[in-house]
Amino acid sequence: MAQAQLVLGALHRHVVTDVVSLPDNSSAALLARLRESDDIRLLSVTREGEAFALAAGLWMGGRNPL
């Protein structure tokens with residue numbers, strides 16, 4: 001969980017507004033922290049192609065997705 005908090009801090013420093021993620025076991029701690037976050041929105045997808053399309057749309061709309 002400490003590493004997840006470090007990553008979350010980096011996301012805040014880089015003003016990330018949304019995280020588009022294909023959930024897996026290795027990112028579970030970070031995803032749990034993101035679900036609790038009030039200022040970074042977590043968007044889960046089912047395929048990599050969906051993630052790229054969603055992130056591109058967010059970026060075109062003025063957001064700062066990861």
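Student: What makes the meeting of the D18 and R63 side chains a salt bridge?

Tutor: The N to O distance for D18 and R63 is 2.8 Å. A salt bridge needs a side-chain nitrogen of Lys or Arg within 4 Å of a carboxyl oxygen of Asp or Glu, so this pair qualifies. D18 sits in strand β1 and R63 in the segment after α3, 45 residues apart, so the pair links distant parts of the chain. Helices (H or I, at least four residues) and strands (E, at least two) are DSSP runs, numbered from the N terminus.

Student: And where do the numbers come from?

Tutor: This is a predicted model, in which local features need pLDDT of at least 70, side-chain atom pairs count only at pLDDT 80 or more, and totals for chains, interfaces and linings use all residues. Residues are numbered from 1 along each chain as its sequence is written, and side-chain values use heavy atoms, with hydrogens and water left out.

Student: How many salt bridges does the structure hold?

Tutor: There are 2. R41 also pairs with D18, its closest N and O atoms being 2.6 Å apart. That pair ties together parts 23 residues apart in sequence, since R41 lies in strand β2 and D18 in strand β1.

Student: What joins the side chains of T17 and D18?

Tutor: A polar contact of 2.6 Å. The rule asks for a pair of N or O atoms within 3.5 Å; within protein, one must be able to donate a hydrogen and the other to accept it, and residues adjacent in sequence count only if both atoms are side-chain atoms. T17 itself sits in the loop between α1 (2-13) and β1.

Student: Which residues of α3 are buried?

Tutor: A51, A55 and L58. They cover an arc of only 60 degrees around the axis, which puts them on the same side of α3; the arc is that of the directions from the helix axis to the C-beta atoms. These buried residues pack against β1 (18-21) and β2 (41-44). The face turned away from them carries the exposed residues G49, F52, A53 and M60.

Student: What makes up the largest nonpolar core?

Tutor: Its 8 residues are L8, L11, V16, V19, L31, L34, I40 and L42. α1 and α2 (28-36) are the elements giving two or more residues to this core. Another core, of 5 residues, lies apart from it, with V20, V45, A51 and A55 among them. The term means a set of buried Ala, Val, Leu, Ile, Met, Phe, Trp, Tyr and Cys residues joined through side-chain atoms within 4.5 Å.

Terms used
Buried means under 20% relative accessible area, exposed over 50%, partly exposed in between (1.4 Å probe, protein chains only). Contact means heavy atoms within 4.5 Å.
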